[in-house]
Amino acid sequence: MIQIGVKLLDRKGDATDFVEFDLSEVNFIDLWSATNSSAKVPCHHTTNGSYLSLQTLKDVSQAYKHYGFKAYDQSNVINENRISEIIPMGKGSKVIFKDGNHTLIRRKF
């Protein structure tokens, strides 16, 4: 099973920080936190490096960009390949997907 993680060390602040790896490459998984008071997240340790699970929507939007995902506001990362329709509403928009599901975003189209 393919996973996407963000490098634990040597980040450059660009798309190269995100790595696809197969679970069969993982030696072990433990919990890691940046500080004693921050939340702990799974860290996958492989021969090629250690990778944290994606923690923020910013990370998700960057890591999944080449799959068609884009941050539409601070609360939603949307797969643009799945959009059926976008309807302007009040101060935002309603994004309707091909399967009939929808989400509300705080951005007007």
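This is a predicted model: local features need pLDDT of at least 70, side-chain atom pairs count only at pLDDT 80 or more; totals for chains, interfaces and linings use all residues.
Residues are numbered from 1 along each chain as its sequence is written, and side-chain values use heavy atoms, with hydrogens and water left out.

**Aromatic rings**

- The whole structure holds 4 aromatic pairs. Rings of Phe, Tyr and Trp (its six-membered ring) pair if their centres lie within 6.5 Å; planes under 30 degrees apart are stacked, over 60 edge-to-face, and the rest tilted.
- Phe 21 and Tyr 51 are a stacked pair, with 5.3 Å centre to centre and 20 degrees between the planes.
- Phe 21 sits in strand E2 (residues 18–22) and Tyr 51 in strand E5 (residues 49–53), so their pair ties together parts 30 residues apart in sequence. Strands (E, at least two residues) are DSSP runs, numbered from the N terminus.
- Both Phe 21 and Tyr 51 are buried.
- Tyr 64 and Tyr 67 pair edge-to-face, at 6.4 Å centre to centre and 85 degrees between the planes.
- Tyr 67 is partly exposed, with a relative accessible area of 37%.
- One aromatic cluster is formed by Tyr 64, Tyr 67 and Phe 69.
- Arg 107 lies over the face of Tyr 72, 5.6 Å from the ring centre. The test asks for NZ of Lys or CZ of Arg within 6 Å of the ring centre and within 35 degrees of the ring normal.

**Asn 79**

- Asn 79 belongs to strand E7 (residues 77–79).
- Asn 79 is buried, with a relative accessible area of 18%.
- Leaving out residues up to four places away in sequence, Asn 79 touches Tyr 67, Gly 68, Phe 69 and Phe 97. Contact means heavy atoms within 4.5 Å.
- A polar atom of the Asn 79 side chain lies 3.0 Å from the backbone nitrogen of Asn 81.

**The E8-E9-E10 sheet**

- An open sheet has 3 strands in the order E8-E9-E10, with antiparallel pairing. Two strands pair if DSSP finds at least two bridges between them.
- Its edge strands are E8 (83–89) and E10 (102–105), each pairing on one side only.
- Strand E9 (residues 92–97) is joined to E10 by 4 bridges.
- Ile 96 stands opposite His 102 in E10.

Note on methods
Buried means under 20% relative accessible area, exposed over 50%, partly exposed in between (1.4 Å probe, protein chains only). A polar contact is a pair of N or O atoms within 3.5 Å; within protein, one must be able to donate a hydrogen and the other to accept it, and residues adjacent in sequence count only if both atoms are side-chain atoms.
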